Each structure stands twice: as structure tokens, then as C-alpha cells.
Amino acid sequence: MNQSQFLKTLKPKFKEFKVSLYLLKRNRLTKIAYYGVILLMLIAIIVPILLPSSKHVNQDTHPEDKLLEPSLQHPFGTDELGRDILKRVLIGTKISLKTALIAVGTALLIGVPLGAIAGFFGGIIDEIIMRFTDIFLGFPPLLLAIAIASFLGPSLKNAMLAIAVSWWPWYARIIRGQAVTIKERQFVKAAKAIGAPSSKIIFKHIIPNCVAPLIVQASMDIGSVILTIASLSFLGLGAQAPAPEWGLMVSTSRNYFLNAWWYSIFPGLAIFFTVLAFNLLGDGLREILDPKTRKN
Amino acid sequence: MKSYILKRILLGLLVLSGVIVITFFLARIMPSNPAAQWVGPRATQEQIDKATIELGLDKPLHVQFGKYITSLFKGDLGVSLRSKQPIIKELKAYLPPTIELVILSTFMAVIIGVPLGLNSANKKDQVLDHFCRFFSVGSVSLPIFWVALFLQLIFFRWLGALPIGGQLDTKIRLLYEIPHHTGFMLIDSLLDGNLIIFKDAFRHMILPAVTIALYPIGLVARMTRSALLEILSEDYIKAARSYGLKERLVLWKYALKNSLGTTITVLALSIGYTLVNTFLVEAIFSWPGIGSYIATAVMSLDYPAIMGVTLFSACSYILLNLIADIIIALDPRVRV
Amino acid sequence: MSEKPYLHIKNLKINFKSFEGEKTIINIDEIKINKGEAYGIIGESGTGKTVLALSILQLLEMPPGKIVNGQILLEGEDLLKKTQKQMQREIRGKKISMIFQDPMSTLNPVFTVGEQMIKVIIENQKLNKKEAYRKAVEMINIVKLPDAERVMDKYPHELSGGQRQRVIIALALSCGAEFIIADEPTRNLDVTIQAGILKLIKELQRNLKVTVLFIANNPGLISATCDNAGVLYKGEIIEKGTTKEILKNPQHPYTFTLLNAIPKNKDTKIDLSKVIPPNDGEEIKEGCIYYNRCLKKQENCKKEQKLINVKDTHYVKCSLYKEGVNNEQ
């Protein structure tokens, strides 16, 4: 009997999952984006293995082959030092994905505990934390990252930190909203009643129950974070030469692109398609998970 | 209602002061020594020490902060380390070209984004809708600094149809007296009745404006679409159709007016985004606005200049959002 | 009954697509409405009443809706064959208009009552702005809202539910249409206001000689307003005839229990054994759609059911009855 009861409670969840899958499959754009993201991850993992010494590609200069047009040997052409642009673009995938993941991860590490604390304790603590997030949200999104990165000094590490600092308020807000509702639930009240310490309740009960909306939000943010990293690198505030970072490559290409179109086109396209894949997937996910648009 | 607006204004002031504090302390974490920059690379330690005192950098942090706040209230943003000019004076000079760009691209965002979002919502899941969704997601996924280069490549290098950058042709600068009334080139040339300058200024503005407009067009189209999807399923839209009203009237008046609140909110956001996006492209187009200004400041670590632009942009963003919220709160026709 | 009906719905079948597949929402054999009469449709919520109303005006969202087959003939012309543009130009507002069920959401919140009325009048009656204004004021007077000129300047949120429903009726009437679909016009109103609105619709139908299709979930509302009526259950008309016949002498077990669920006066006790049982009996794929809830089910019910003429104009779709036999209960 217990088992059948258990199955009964599972049934709506299973149906929910089936509906989501149906909706995800129904939208061709989302499906393509889904496979695109998987492909990008594969590239990020496999390419560094195939081209084991990335140094080899970074500093492997052939002055005699500089700024060659795309050809069979160099499908994306070569840059001003004669390096193969295709190889550099491929290696750049790992840089972009890795930095984006670390930046979002750091933002989560700051935002989640703060949001959970605000939502759980309420009152004056909530007020202080949330007004603090309001202040951070008072900066237009890219501006704060630019300001922080330029004051910290140009490096990829600082760019990641700058992004994390300008992104955490969004997560704090989401978690706080969730925490406010979860703390009214029976199991949290029960934990309180048996005298569990607040920190334990927050980390054992509140945060695990916010995971789903967080994953959705974070996956939707990856696209814009990749774009922000590229923008910072373009401004000279992120990755430094000779790293094959896409934004930096576009930035360097400025001196040559009028006579070597391939130099700026391909790294730019790499940014575009990567960000697009993540954004389309995020857009599709939101449409599926949002009950408002879901009913159709 | 009144209490809401009052609360909203108070929050705006709080955020504003918070932004000032954050900007000030951010600038203090800078590892390099501003005083060394002030005196130049070949200065002796003695000169640097003197400059440190001159700039007030030897005083404790809270004293520096107090001084910063009092000069802020006097409208003094400090002096640029690079040009040794007052920041406020430089901002005033660099601002009009940027505002011109922002206004033009916001205008494009409205006249292209709104109809796109509207038609897309009306034809949900049809070809036009797929196109619009792809376009709006695509345009916010584009690295706009790259778009700038791409457009230069096509329209300057390959087609030779448009200038690569600047505000005016050098030839025109030499031949004519450049008008200076408002600082907005398009308006100034019209005020002088000089159509040649107007035309040339306009030609120079096309590429940067289009580049910058892409993002807000996508944003506005996307938000309009999602707002209208909800509105179009409302009973009053079905009712309007049941009374035999023309489809054009139903969509462009009955439905669109209901989405006005959303549109106002999005516009406030998108102007903020656009302003920051100019930081990425103005330098590419040699556009003499605050975008180019901050790009140079970033490269030369001119921290008072970076602070000034940051403060200015954040303030206008906060103000725009505040105005949007108040308009929506005040007008019963938008509030719903 | 040789007279040609004004509105004639024939073999109408409408499906809805969802992720579980297609589901039939409407499956109507025939409804005939004569010119000038008030025809009632009774049914509980979820039986497809609104879908039926919207499909007459071609306002049903498709997809997910899908018209499988059937005709909706208005004076012999099939409305389902018309394009959206033709519907807008010739039918909606011109010949048919509709009163929606929810007064709170039927008026556009960002326009004043006057703006909305004037737009409708100008579209349908080819008047200029001034004439349209006068006409609008006249219509508001007709629906008995005091202070017409002040009502004109108000936004919907400044009116009460009953006032709004009167404005909505005025809007539907101001088109000048000769046929009005009233989709549960009193559903979200207080009982006292309901009576006023019902009386108004009845009066208007008589005075202005419009044909009315009146949709309700409460048989009592139908008895007060309609000459003929049909009972809709899960998209099918299971019983139809004169309102009097249906209410006094219900034949279908569903109608019977439905009427029994309403206390006739304050002293009657509802016989709970006759109240409609819940929707959880054995489901069958073919045959009577009421099977799983029916108290009188038998083997015959599993076959396909047809409307059977039991008396004069009284038809019922139930295997308890046989064609041509006088089935008095």
C-alpha cells in the first residue's frame, strides 16, 4: 500500500516531466539550441586533449604565414603572427565556458546564502540585505563589471570576479523569494520545533529546495555572462595576450580587419553562436517552466 | 498611491547614495598609485610624494570620502589624471554625441521592436513569430563590438557606401564652420540651416546608431511579445472582435495601449543598457562621446574619469527607472 | 416545423489538441433557433458552452481548437466557410454580437466606456463622432444606467460589476446586431443584480426584436427568459424542446438530476440520492457520454445514442426511450 501511495504522489511529477519534454521537443529552435550547447561542451572538453599543448597554438607563430586568407589548410585563415585562427577559436571555447561557469558559480556562492538568510530571518536583516542588493542593481548590468574590472586591473581572473560581484544580487533576490515561502512549510517548522540551529535549517532545508529555479536562472545567465566576458576582454579588461580569448581576438583584429575580414569575423561568430545557443535554450526553458506561457 | 511614490523616491535616493559609496570605495582598491600617474612615468619619488599630498591621498579614507562628497554636491567630479581637466567639463563636452546616438537607437527600438513584438504575438507559433523570436534572442546574443566591425567591413570597405567613423567628413570640417548651439550635431546643423552638414552628420550616424539599436530592438520586441501574448488572450480582446471592430484597431489600439506600462519599463531599462553599450562601440567608430572617453580612461587607468562616467551612467539609469515607475503609478490607463 | 430556422447548427464537431492527443469538446447533432426567439442552452461548467458561442463567431482559438466537421448556418449561409475578414466585415457586430460572462474582464481597462462604445458604433453603424456619442448615450439609457453622460467618461474600474454588465449589454446592442449570444451574462454577479440583468435582457429581446442565444449553467435562468432550450453535456445536446417541457418533464437522467439539485422552494429538501453522482464511474469509449455518472445505466447505453423524439418538439438522447412511443414517466 505504501508503494502505491508513493507511486500516486509521483504520478503528477511524472506527468509534469512528460509535459515538459513534449514542450521542449515541440519547439525546434529550443531543440537545436540544446544540441548546440552539448556540442560546445564537447568541444571545450575534447579540443584541449586533441591539441594537447595549448601553448603550442598560442605561441606557435609563423611570420611567413601571417594574415593568410581562409584555405583548406587554414579554414579560418591566419592572424598577424601566422597562427591558425580555427585552432585558436576552438581552444577559446574552453576559456569562455570555463570562465562563465566560474563567474556564475561565484555569484551563486555570494547570492544564495545572502538571499536565504534574508528570506529566512526576515525583519531588519531582510531589509538590510535586500536594500543592499537594490543598490547593486542600481548599476546598469555591464557598467558595474566594467568599473570593477578596470579598478582591479586587467586580467581574466579579475573579470570573473567583476562579473560575479555584479551578478549575485539577482540570485539573492530569487532565493529570498523562495525562502520566504519555504520557511512556512511544515518540514521547516518541524525542524525549528526540534531546535535545529538556523544555519542547519538554511543549508539543509531552504537552499536544497531552491535548487530547481536556481539552475534554470543560472543556465539562462550563462549566455549573457559569456558575452560580458568577451566585452570586457575587448575593452582590454579581461583576458590578456596571447590567450586565444574570443573577445580579445576581435579586439586585436581591429588593426587588420579591413584587409583581413576573416580575422574578426570568425572569433565574433564563435561568440555569437555560443551565446545564442545558451540564450535560446534558456528562453525555451523559461517558456516551458513558466506557468503563464505554459498553458498554450 | 502617494505613499507608494514617496517610498519609491526614497528607495531611489537610497540606491543613489549607495552607488556613490560603492563607486568611491571601488576606486580605492586600485592597485596602482594614482599619484604616480598624475606626475608621469619619469617622476622622482619626491615628486610622487608631493603629488600624493596634493591629491589628498595621504589623508585617511573617511576624510577623503568626506571631501569627495562635499565636492560632489558642488558638482565637482574631480580632475582627470590624463588631461588634468575637470571631469565635469569633459563630460559636458562628450555627452551630446552619445545622447544623440542613444535617442536615435531608442527611437528605432520603439518603431521596429514594438510592431515586431505585436505581430509576433498575434501570429504565435507561425513563421513570423519564429523569425521574431530568433531575431530578438539573436540580437541580444550579438557581441556588438563585433557587429560594429562587421558593418564597417560591409558598408565602408566593401560597398563604400558609408563613412567608417567620426562625426563629420574632414573635408566638411575644413570647408564649413561647424555649428555649436546644443552640441547635438543634427539639431545644430538644422538650426543653422546647413543641410550639407546635416546630411553628412546623418550619414556618419547610421552605422553607430544601427549597431547600438540592435540590442534594444530585440529587448523591446521580446518584452512586447510576451506582454501581448497575455493581453491577446484576454476577454476584452475577444469581445472587441465580437463587436466587429477592425483587426487593425483591435491590435494597434485595444491591445497595444494595454501594453504601454511594459513598454515604458522596458524603455527605461534599455536606455540604461544602450548607454553602457556605447562604451563598447563608440571608440570603434571614433565617435566623440562618453563611450570613447571611458574607453580611453580605462586604458590609461584614469580613475577619476572612470568614477565620473560610472556615477553619471548609474544616476541616469536610476532616474529613468524611477520616472518609469512613477508614470506607471500615476496614470490609471497605464497602471492596470 | 417547416419554417426555415434563423440559426441552424448541423453536425458540429470541435476537437481540442493537447499533449495527450485530440479530445472532442463539442459534438452537436442539431440546434435550430428561429428568428426573434430566445433559445437557451443549459449545462454545467466545462461542457463547452463558451466554445460553442465562440465558434459561432469564429473567435475560437485555432489551434488548439479544431473544427472537424459541421455547419453553422445563419439564414442559410455557412459561417464556418467565411474568412476572418468576412466575419469582421459582415457578421461580427453587424449581424451577431456577444455578451461575455465576466463583466470584470470584458471591458478594456485602458479606455473609457464612452471611447469603447463610440468606436463600436462608428464601426458598425457608419455614424460620425457626434452622432455616435448621442447614440452611445441613448444605449446607456436603454440599459437603465442613470447618469449616462457621466458613465461615458468613466474607466471600467470605476464601475461596479452590475454597472459593467449593463455597459457590456449596451455595447453588444449598440452594434445594431439582430442576434445576440449571451454567454452566462449573470454568472459573476450578485443574486439581486442577476434578476435585474435577466429582466433587462428579456425586455430588450421583446422590444428590439432581437434573437437571443442564452447560455446558462442554471436552469432557473433559462425558464425566465427562453422559449426553447437544449441541455448540453460534455459537448453533446442530450435533450431539447420547449423550456417548459424540459423543466416540467425532464426525460434524460442527467436533466432530471440537474433539476433536482435545485431546491424548488425553501422547504423542499434535496433528495441526495438523486443528486448527480461524481464523475468517477466506469468510462466507456462509445455510447452515452453520461454513462459513467448515470444512475439508470443499462447495457444498451454502450451503443451509439441518437436524439429520439419523445413528444411534439421534445427530443432526448437516451436509450431508456424509443422513437415514437409516448414515454411518460
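**View 1. Strand 3 of chain C, covered on both faces.** In this predicted model, strand 3 of chain C has C:Ala38, C:Gly40 and C:Ile42 on one side and C:Tyr39 and C:Ile41 on the other, and all of these residues are buried. The strand is thus described as mostly covered, with five of its five residues buried. On one flank, strand 3 of chain C runs parallel to strand 8 of chain C and is joined to it by five bridges, and within this pairing C:Tyr39 has C:Leu213 as its bridge partner. Strand 9 of chain C also pairs with strand 3 of chain C in the parallel sense, over four bridges, and here the bridge partner of C:Tyr39 is C:Asn228.

View 2. Eight strands of chain C form an open sheet with mixed pairing, in the order 6-7-8-3-9-10-12-11. Strand 6 and strand 11 (308-311) of chain C are the edge strands, each of which pairs on one side only, and from one strand to the next the twist averages 20 degrees. Helix 1 (residues 49-56) of chain C packs on this sheet, where it touches strand 3 (38-42), strand 6, strand 7, strand 8 (211-216) and strand 9 (228-233) of chain C, and its direction makes about 155 degrees with that of strand 7 of chain C. At the edge formed by strand 6 of chain C, four bridges join this strand to strand 7 of chain C, and the two run parallel; C:Ser97 stands opposite C:Ile180 in strand 7 of chain C.

**View 3. Helix 7 of chain C and its surroundings.** Helix 7 (residues 161-174) of chain C has 14 residues and reaches 20 Å from its first C-alpha to its last, which is close to the 20 Å expected at 1.5 Å a residue. The helix is mostly covered, since twelve of its 14 residues are buried, among them C:Gln163, C:Arg164, C:Ile168 and C:Leu171. Its buried residues pack against strand 6 (96-99), helix 3 (103-106), helix 4 (113-125), helix 5 (129-142), strand 7 (179-183) and helix 8 (191-208) of chain C. After helix 7 of chain C comes C:Gly176, whose phi is positive, near 85 degrees.

**View 4. The largest nonpolar core.** This core has 266 residues, and those with the most contacts inside it are A:Ile146, A:Ile163, B:Ile144, C:Ile180 and C:Phe214. Helix 10 (residues 195-232) of chain B gives the largest share of the core, 18 residues. Leaving aside neighbours within four places in sequence, C:Phe214 is in contact with C:Ala38, C:Tyr39, C:Gly40, C:Ala182, C:Ile222, C:Thr225 and C:Cys226.

View 5. Chain A has 13 helices and zero strands, and buried residues make up 45% of its 296 residues. Among the contacts in chain A with a separation of 6 or more, 68% are between residues 24 or more positions apart. Where the two chains meet, 42 residues of chain A are in contact with 45 residues of chain B. The elements that give two or more residues to this side of chain A are helix 5 (123-137), helix 6 (141-152), helix 10 (211-234), helix 11 (246-253), helix 12 (261-289) and helix 13 (291-294) of chain A. Helix 12 of chain A provides the largest share, ten residues, and the residues of this side of chain A divide into 26 nonpolar, eleven polar and five charged.

Note on methods:
Residues are numbered from 1 along each chain as its sequence is written. Chains are lettered from A and ligands numbered from 1 in the order in which they are written. This is a predicted model: local features need pLDDT of at least 70, side-chain atom pairs count only at pLDDT 80 or more; totals for chains, interfaces and linings use all residues. The expected span of a helix is 1.5 Å times one less than its number of residues. A residue is buried if 20 or more other C-beta atoms lie within 10 Å of its own, exposed if 12 or fewer, and partly exposed in between; C-beta atoms are placed from the backbone. Two residues are in contact if their C-beta atoms, placed from the backbone, lie within 7 Å. Two strands pair if DSSP finds at least two bridges between them. Axes are lines fitted to C-alpha atoms, for helices over the stretch in contact, and angles run from 0 to 180 degrees between N-to-C directions. Ala, Val, Leu, Ile, Met, Phe, Trp, Tyr, Cys and Pro count as nonpolar, Asp, Glu, Lys and Arg as charged, and the others, Gly among them, as polar. A nonpolar core is a set of buried Ala, Val, Leu, Ile, Met, Phe, Trp, Tyr and Cys residues joined through C-beta atoms within 7 Å.
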